Structures are given as C-alpha cells and as structure tokens.
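Visitor: Please take me through this structure, and let each term be set against its definition before a conclusion is drawn.

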Amino acid sequence: MRLITKAATVGFASLLALSVSATSFSSDAAAAWKPQKPVEFVIMAGKGGGADRLARFIQGIIKKHGFASLPFVPINKGGGSGAEALRYVRDKAGDPHVIMATLNSYYTTPLRNPGLGVDISKFTPIARMAEDTFQLWVSSDTKIMNVEQYVAAVKKAGMANWKMGGTGKGAEDSLVTAMLEKTYGFQVTYIPFKGGGTVAKQLIGKHINSTVNNPSEQMGFFQAGKSRPLATFTPNRLKVFPNVPTFRELGHDLVYFMQRSVVAPPGISKDAQAYYVGVFEKVYQSKEWQTYLTKKGLLPGWLTGDKLTSYFVKEREAHRKLLASMGEIK
Amino acid sequence: MDVLAALMDGFFIAFEPLNLGLVIFGCMAGLFIGAMPGLGSVNGVAILLPMTFLVPPTSAIIFLAALYYGAMYGGAISSIMLGIPGASTAVATTFDGRPMALKGMADKALVGAAAASFVGGTISIILFTAFAPPLADVALAFGPPEEFALMMLAFATFIGLGGDDIPKTFFSIFIGLVMSSVGLDIISGNPRLIFMDLPGFYHGINFLVLAIGIYGIGEMLWTVEQAKGDVIVTKVTVTVRGIIEALKDLRKTKKVMFMGSILGFFVGILPAAGATPGSLMAYGVARTMSKDPDSFGKGNIEGVVAPEAANNAASTGSMLPMLTLGIPGSPTTAILLGGMVIWGLEPGPMLFIEHKEFVWGLIASLYAANFFALAINIAFVPAFMMVLKMPFTILAPIIFILCIVGGFAPTQDMHDVWLMLVFGVMGYLMRKLDYPLAPMVLAIVLGPLAEASVRQSLMMSHGSFATFFERPISGTIMLIAIGLFAWPIFSTVRKRFRSGAYGAEG
Amino acid sequence: MRLAELVMAVAMAIFSLYLMWKSAELPIGWIEGSGPGGGAFPFWLAAGMLICCIWIIVRWAKRLSPPSRSTESYMNAMSIKAFLIGAGSLTVLIGGIHIVGVYVMVPLFLIFHMRYLGGHPWTVTAPVAVGMPVFTFFFFEIALHITLPKGYTEPAFYPLYEYFLG
C-alpha cells in the first residue's frame with residue numbers, strides 16, 4: 001500500500017493504475033526458473049555516469065537483501081551511446097543470463113544508427129524502475145529568478161553569447177534544449193560535455209550560462225546555494241522542489257522524462273522473464289529505492305510486460321519526431 | 001584550530017576496530033588488484049563497491065579509499081617487475097622502473113616507489129587537510145580552455161620520451177591520438193572509425209588493451225627472442241639491510257619526491273585530469289631538473305620516484321573536488337562519487353557541514369591507509385622478488401596468461417583480447433625498427449581529453465583560438481607548454497649546428 | 001633490416017591513407033562557428049602519420065636512421081622460430097578460449113610452454129598448470145565476480161557457482 005500512496009502523492013495518476021495492475025499479476029510466478037550462473041547486468045553507459053550509478057545501486061540493493069540467488073554483475077558497454085550494448089543484447093537472443101539497464105539512448109541510438117539493425121520492440125521487457133526528471137538551471141550569481149527573465153536574458157544576449165551546456169548532441173539534454181528553443185523562439189550555443197556531472201560543474205564555474213540537468217546532478221550545488229532551478233519539465237511540481245513551477249503551469253506543454261528501465265534479450269522464456277520481474281519488483285518496493293526516488297526528484301513509474309513494450313514503442317515514435325525536427329535524422 | 005580538532009575526531013573514527021581492519025584489508029586487496037596487469041584502481045573500486053552496502057557509509061568509503069590507495073601502490077609493482085603498467089597512472093613508472101629491474105635493482109626500485117608513494121600521499125593529505133575549501137575554487141575555475149592548456153603541458157613533457165628518430169616519435173604520437181579517437185565523437189554524437197563494422201570498436205580502444213599488448217605481449221615476444229631460448233635467471237637477493245640501505249639512498253631524491261608530490265597534488269585536484277598527466281609531468285620535470293637527463297629511461301631512481309610520488313599525491317588530490325564539489329577528479333573518484341550518492345550522502349559544499357564525521361573519518365583514514373600501504377608493500381618486497389627468480393620459461397607463460405585474462409576483465413569482451421594480440425605483434429615488429437612506443441601509449445590516454453576540450457573551447461569562442469591565451473589561467477599554462485615544446489627543439493638545433501649537420505645521430 | 005624499415009614505412013603509409021579515408025565519413029573541415037568537425041581530429045592526425053611515413057622513407061633513402069644502415073637481418077631463422085612459437089601459441093590460446101574456455105586452454109598453454117619448451121619436469125609443470133586456473137577462478141570469478149569465457153565447458157561450472165556464490 002505504501003507504494004500506492006507514494007505514487008499518488010506525487011500525483012502521477014495515469015501510471016498509478018498501471019502500477020497496481022502490474023504488481024498484482026507478477027508476484028508469485030518466479031519459482032519456475034532461476035539463474036545458473038552470475039547474471040550479466042549490461043549498462044548502456046560508461047562507468048561513473050548517472051545510468052551506471054543507478055545500476056550499481058540496484059545491484060547493491062539486490063546484494064544487501066539477497067533478492068537473487070546468484071550475483072548480478074554490472075558490465076559497462078557504453079560505446080557509441082549504447083550502440084555496443086544494444087548490439088550485444090540483440091546478439092544474445094534467447095540467453096536468459098543477460099539483462100540490460102536502459103536510458104533514453106535506448107530509443108535515440110537505434111534511430112540515429114539504422115545500420116545497427118536493432119529493433120527495441122523485440123527485446124523482452126522486464127520493468128520500468130523510474131523516470132528521471134529535468135529542470136532548467138542557472139547559476140545563483142545571476143539575477144535571473146524565473147523563466148520570463150531567463151527568456152529575456154537569452155534573447156538579449158543572442159545566440160553567440162548564450163551557452164547552454166549538456167551531454168552529447170542527439171542525447172537527452174540536447175533534445176530538451178531544442179524543445180526550449182522551439183517553444184520560446186530563441187537560439188543558444190549548445191556545448192556538449194561528457195556527462196551530467198561535468199555539465200553541472202561547468203555551470204557553477206561560470207563557463208556556461210545555463211543547463212537542463214537532472215535534479216540529482218545539481219542537488220549538491222543547489223543545497224549549497226550555488227545554482228537555481230527555474231522550472232521543471234514534468235506535469236506536476238516535484239516534491240523536493242515545491243517552489244519551482246512546471247513549464248505546464250507557465251503555459252507551455254514542455255514535458256520530458258529520462259526512463260530508467262531494465263530489459264532482457266529477445267526471445268527468453270516466460271519463466272525467466274517472470275523471475276527478473278520478481279527480483280526487480282522487490283528492488284522497486286525496497287525502502288532504499290523509494291527513498292532514493294523521492295530525495296533525488298525521480299518519479300516512480302513501475303511498468304512491466306506488454307505495457308512496457310508499448311510504452312517503449314510510443315516513446316520511440318515521439319523521439320523520432322523530435323530528432324527529425326532537429327534535423328538529426330531524416 | 002577547528003581543523004585539528006576535527007581531524008582528531010576523524011582519527012577516533014578511523015581507529016575504530018572495524019574501520020582499521022577495513023583499512024588494512026583494503027590496502028592488501030588494492031595492492032593485489034593494482035599489481036595485476038589490467039586491473040587498476042578503477043576496476044577494483046567499481047567491482048567492490050556493492051560489497052560496501054554491508055557496512056555503514058563511513059566504513060565503506062574508508063575501505064574503498066584504502067583500496068584506491070593500495071592499488072596506486074600496487075600499480076608500480078607490475079610496472080617495475082614485469083614492465084607492464086597495470087593502469088595508465090603507472091605508465092611513467094615503467095620508463096625507469098623496468099630498466100632498474102633488468103639491472104638487478106628491482107628491490108631498490110620497489111622500495112623507492114613505495115617510499116615515494118608514501119611521501120606523495122602524505123604531503124597531499126596535509127595540503128588537503130589545510131586548504132580544501134579554497135582549492136575547490138581553483139578546480140571550478142578550470143573550464144575547457146584550461147583543460148586543453150593542461151593537456152598541452154602534458155604533451156610537452158612527451159618530447160623527451162621519444163628516441164632520437166624524430167619522424168618515428170611523431171608517428172608514434174599521431175597513431176596513438178588517432179587510436180584514441182576510435183569509437184564515438186562526443187561532440188556530434190556520431191560513431192567514428194568503426195573498423196570493419198565490428199561492434200567492439202564502439203567502446204573505443206581502451207588504454208589497457210594497447211598498454212598490455214605492447215608492454216605485456218610485445219615485450220615478452222621481444223624477450224623470448226633476445227633470450228634465444230636460454231633460461232634467464234635474474235640474480236637478486238633481498239635482505240633487511242638491503243631495504244634499509246635502499247631507503248637511506250632515497251634521501252638523495254628528496255627534492256624530486258617533493259616536486260612530484262606538489263605537482264601531482266595540484267594536477268590531481270583539477271577535474272578531468274587525474275593522476276596520469278600528473279605522473280607524466282612529474283617525470284618530465286624530474287628529467288629536465290636533473291643534472292644528468294640522459295640517464296633517464298635507463299634506470300635512474302629519480303625516474304621512478306617522481307611519477308610515483310605524483311600519482312599518489314594526485315589520487316588524494318582528486319578526492320578534493322569529489323568531496324567539496326561533487327565532481328570526480330579521476331575515473332576512480334567518479335565511481336566513489338556514485339557510491340556516496342548511493343549511500344545517501346550528497347557530495348558537495350554541504351558535506352563538510354552536514355557529514356563532518358564522514359569527511360574527517362575519511363581524511364584520517366587516508367593517513368592510516370598511507371602508512372599501512374607502505375608497510376605492507378615493503379613487507380612484500382621479498383615475495384615479489386621471488387617472482388623475478390623464476391626461470392623465464394615459467395614466468396613467460398604465466399605473464400602471457402595474466403595479460404590475456406587482464407585484458408579481458410575490464411570490458412569482458414574477447415574483441416579486446418584479439419586487439420591486444422594484434423598490438424603486441426605490431427609493437428614487437430615496430431620496436432625492432434626503433435619506433436618509440438611510449439609516446440603512443442600516452443597519446444591514447446590524453447587524446448580524448450585534449451580533443452574534447454579543444455572543441456568545446458572553440459564552440460564557446462565561436463572558432464577563435466585566442467580564447468586559449470586570453471584567459472589568465474589557460475594563457476599562463478599555454479605559454480609554459482610552448483616554452484617546453486620549443487626548448488628541446490632549440491637545444492637540438494643548437495647542438496647540431498655546433499657539431500655539423502646530423503652529426504649527433506651517428 | 002634495411003628492407004624491413006622500408007616495408008614498415010610503406011605499410012604504415014598505406015594504413016594512414018586508410019585511416020584518412022575512414023575518418024572522412026564524418027565532416028573533416030571547419031564548421032563555421034563551432035570549430036572542427038567530427039572527423040577532423042583523426043583525419044588530420046592520420047595525415048600527420050602519412051607525412052611522418054614519407055619523412056621516414058626519405059631518411060631511409062638517405063640512409064640516416066640506424067635500421068636503414070644496418071646490415072643485420074630483421075629476423076633470422078632463430079627469431080622467426082621464437083616469434084612464431086610465441087605469437088602462434090597465443091593465437092591458439094585465444095582462439096581456443098572461444099571454444100573450450102579459459103579453464104581448458106590455460107593448463108594446455110602452460111604445459112606446452114613449461115614442459116615442451118622449457119623442459120621442466122612434470123613435478124614443476126603440474127602444480128603450476130593446476131594452480132594457475134584455480135587461482136584465476138577464485139580471484140576473478142569468486143572474489144571479483146568477473147565471469148571468464150568458458151565456451152562449451154560452461155555447464156560444468158554451474159554447480160561451482162551455486163556452491164561458492166549461491
């Protein structure tokens with residue numbers, strides 16, 4: 001029940017219904033299959049990044065509570081924005097000892113590299129563990145207090161003098177930036193850095209003017225009074241930032257999430273799938289996971305089975321449109 | 001005096017039986033992981049991170065920090081004994097460490113490396129304890145142009161590492177840089193140089209694959225040939241007196257040790273740089289400072305002491321931006337940072353206020369870890385020497401196997417093992433023709449940092465190179481780098497001019 | 001040695017050209033306002049490699065570098081044999097790992113090198129050939145959780161995993 005109240009307080013009503021239905025049928029089917037060797041937990045990103053931290057956190061929860069009989073061993077295959085991981089998992093079709101932690105490059109990388117031959121709708125869905133959120137950030141040394149002043153400042157500075165930092169081109173931060181530019185009719189110079197943590201630091205060091213970091217990446221600086229969130233790209237305000245408005249409140253329907261899910265290779269048995277769903281459901285309901293979500297401004301969003309696949313497909317199409325409008329794909 | 005009181009509290013935490021036990025265990029484990037070719041501190045910390053969920057956060061970070069330290073000490077061991085750098089931070093140690101071992105002075109090199117690591121670590125922790133908050137601002141002032149300038153400075157120290165054959169040295173740097181660009185172009189987000197469409201190239205060419213290929217496999221093939229089937233037995237004897245003598249001898253190198261420590265610490269606190277450029281620069285500076293620069297690369301103890309002092313100082317230094325700003329100063333601290341987030345601690349300026357016991361417990365345990373790593377390391381010197389006494393026909397296949405397994409472990413991809421064999425064979429063939437290989441290995445480490453920072457800087461300045469000279473910090477570093485680049489060219493030209501054209505090449 | 005110097009330089013020059021061609025898949029020119037394109041860095045560095053190769057060839061022609069003056073042979077029969085045994089046994093080792101895994105190939109490799117090349121008695125060879133894989137298993141697989149490739153021998157390890165990791 002606690003799970004449900006939490007989801008409700010965050011106010012994510014549409015997913016609530018899904019999470020209740022998903023939890024009810026996935027709990028007791030796990031007995032039929034269990035791993036015979038350590039499970040490869042492939043991470044679509046390099047060591048030390050956000051996705052990597054989350055995967056290792058999950059691994060830690062599994063280990064601490066003994067949720068799995070054999071260890072889950074994280075392996076980073078971050079090459080080519082996750083292209084390497086996608087190819088690897090595709091080639092492991094039918095192997096039940098491989099699972100993969102995904103992020104949004106799960107959609108964008110196959111779209112941008114059609115030659116990869118990866119169709120994510122064929123992968124076996126396990127569970128969506130959370131959705132990470134985005135906020136617009138500026139340094140707290142500026143006088144910019146809200147989005148209106150921000151837009152005015154960007155327009156006044158002009159494209160050449162307003163530097164927006166983010167992760168690689170075509171990745172989440174650049175998509176969010178493109179959405180902002182289109183909505184407010186300004187242009188910025190977009191500078192790609194290696195990871196969200198570096199981006200956050202560049203903002204505090206005043207090498208760039210604004211960012212669209214995840215709350216978790218700016219949290220430390222925010223608490224020290226060094227950075228300021230202007231608005232959130234979510235439907236409702238975040239619990240940890242009750243005073244920060246959403247773009248929707250400001251009259252623009254700007255919503256973007258980073259999904260944090262787990263998938264398995266295509267064609268693994270139903271029993272193996274049920275086993276993993278069981279393990280991750282326990283992780284999802286653990287106190288550690290729920291605390292982490294609330295503290296870091298992530299939204300809970302448990303989703304499994306076919307519903308998860310159709311969610312992936314829907315998001316992939318949304319990203320196809322986004323990338324096309326940016327001119328990144330045809 | 002606040003600092004001292006806090007540090008005392010820290011020591012009480014560090015000397016709790018559980019924490020002290022973890023420090024000792026962490027140092028031991030780190031030493032072995034670091035000494036294994038292929039497994040450095042990054043992999044060690046990443047692999048053992050989830051184990052730390054079983055203990056409280058302060059104990060967990062103490063364990064991992066001790067492991068990090070141990071691995072930095074351990075890295076020198078495989079560099080000296082086998083000539084294979086286990087991690088990029090230990091590359092510079094092979095330049096003189098390996099020749100010393102071949103001359104039968106491995107014990108001196110090992111003791112020197114351990115003592116230098118201790119000095120570097122200690123000086124660095126003292127600086128850390130005293131000046132953490134102001135130094136954090138220095139780290140913040142480093143944007144892409146400053147990072148690029150720093151990379152140029154590191155490259156400038158390469159110049160001395162090549163052989164006499166200038167085109168071959170440059171070739172080696174260029175090919176290393178090209179290999180470093182394989183994989184992904186982070187700026188445009190496009191894959192690049194994916195040879196034969198093999199998915200293994202998406203993750204780029206890992207430094208370790210090249211280093212183990214060239215120094216492990218290539219070097220062994222070379223030695224097999226040189227030995228012509230004979231059994232080499234290195235004559236080594238270790239006595240307690242020998243170790244004490246070796247320690248006494250180190251007094252002569254105190255200037256170099258001190259220089260390496262300070263340099264390593266400052267490079268370490270700069271985000272993105274980490275211990276590798278620090279150790280290289282220390283080696284370069286030691287060589288420049290020396291009265292006898294030609295003895296470097298042939299087994300000069302200063303060539304071991306300088307980079308080892310620097311890489312340990314840098315590993316402590318890189319914890320500074322991690323704790324005060326939440327920015328990793330090195331790949332290993334990136335993982336430690338992940339650990340802190342997982343334990344529910346928020347790295348950043350508030351950490352020093354809200355979690356005093358964590359910060360000071362960690363700092364105090366670094367003092368302890370440093371001491372234990374030194375003691376354990378020296379205690380194991382005789383055991384390491386046993387390895388060198390093994391007949392070559394036993395040692396060689398064991399090293400080959402360690403190379404193969406070590407090459408596989410970081411990425412768990414057989415593609416890298418094959419690539420390593422290719423590099424080994426090519427390295428062997430090129431080495432026979434006097435191609436210097438060290439610049440290639442270093443270029444592959446620094447290449448990605450250099451490329452990303454120069455392109456980010458140019459995007460920020462809209463294509464103007466003036467940005468590197470206009471900004472005070474990057475301008476200063478750039479000028480020093482240019483001076484270093486120009487000096488050897490100037491002096492060679494002068495030497496040649498005096499001794500007649502090309503006379504020096506004889 | 002003289003011939004080898006030329007062959008290596010020419011081979012590397014061809015390799016540089018290949019790298020330049022491969023880099024040109026991404027823009028290699030200057031993109032207005034944002035600096036060099038994605039392929040520029042490797043392209044111009046590969047061009048640098050090519051220039052170095054030409055320089056090496058010029059020096060070869062003028063007999064300036066030590067190998068280009070050397071009359072010693074690059075590889076004599078002895079070194080060819082040593083090289084082929086070294087590199088060949090490694091190729092077999094790595095290839096075999098794909099099929100029968102580390103734990104079969106490692107002892108075979110050790111026995112080949114120690115018993116047949118080194119001429120060490122079985123009393124020395126056997127403990128190393130057994131000890132090495134045992135150490136590898138406990139250090140990498142049990143302590144560090146790094147699963148090494150096992151090929152077709154994998155099912156044989158399921159009980160061990162169950163026992164030590166379960």
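Guide: Two residues are in contact if their C-beta atoms, placed from the backbone, lie within 7 Å. The model is a predicted one. Chain A is divided into domain 1 (2-131 + 258-326) and domain 2 (135-232). By the 7 Å criterion, 13 residues of domain 1 of chain A are in contact with twelve residues of domain 2 of chain A.

Visitor: Which elements give two or more residues to the side of domain 1 of chain A that touches domain 2 of chain A?

Guide: They are α5 (105-112) and α12 (305-326) of chain A. By class, this side of domain 1 of chain A holds four nonpolar, seven polar and two charged residues.

Visitor: What makes up the contact between chain A and chain C?

Guide: Seven residues come from chain A and seven residues from chain C. On the side of chain A that touches chain C, four residues are nonpolar, two polar and one charged.

Visitor: Why is the radius of gyration of chain B said to agree with a compact globule?

Guide: For 506 residues, a compact globule would have a radius of gyration near 23 Å; chain B has 22 Å, and the value therefore agrees. The C-alpha trace of chain B spans about 65 × 60 × 50 Å along its principal axes. The secondary structure of chain B comprises 22 helices and two strands.

Visitor: What share of the residues in chain B is called buried, and on what criterion?

Guide: A residue is buried if 20 or more other C-beta atoms lie within 10 Å of its own. In chain B, 67% of the 506 residues are buried. Of the contacts in chain B between residues at least 6 apart in sequence, 79% join residues at least 24 apart.

Visitor: How do you know that the span of α19(B) is close to the expected one?

Guide: Helix α19(B) has 18 residues, for which 26 Å is expected at 1.5 Å a residue; from its first C-alpha to its last it reaches 25 Å, close to that value. Among the buried residues of α19(B) are B:Leu419, B:Phe423, B:Gly427 and B:Tyr428.

Visitor: What is known of the confidence in chain B?

Guide: The mean pLDDT of chain B is 85, and 94% of its residues reach 70 or more. Among the elements of chain B, helix α19 (residues 414-431) has the highest mean pLDDT (94) and helix α22 (residues 472-499) the lowest (80). Over residues 501-506 of chain B the pLDDT is below 50, and this stretch has nine contacts in the model beyond near neighbours in sequence.

Technical notes. Residues are numbered from 1 along each chain as its sequence is written. Chains are lettered from A and ligands numbered from 1 in the order in which they are written. This is a predicted model: local features need pLDDT of at least 70, side-chain atom pairs count only at pLDDT 80 or more; totals for chains, interfaces and linings use all residues. pLDDT is the predictor's confidence in each residue, from 0 to 100. Helices (H or I, at least four residues) and strands (E, at least two) are DSSP runs, numbered from the N terminus. Ala, Val, Leu, Ile, Met, Phe, Trp, Tyr, Cys and Pro count as nonpolar, Asp, Glu, Lys and Arg as charged, and the others, Gly among them, as polar. The radius of gyration is taken over C-alpha atoms; the globule rule is 2.2 Å times the number of residues to the power 0.38. A residue is buried if 20 or more other C-beta atoms lie within 10 Å of its own, exposed if 12 or fewer, and partly exposed in between; C-beta atoms are placed from the backbone. The expected span of a helix is 1.5 Å times one less than its number of residues. Domain bounds come from an automatic or database domain assignment.
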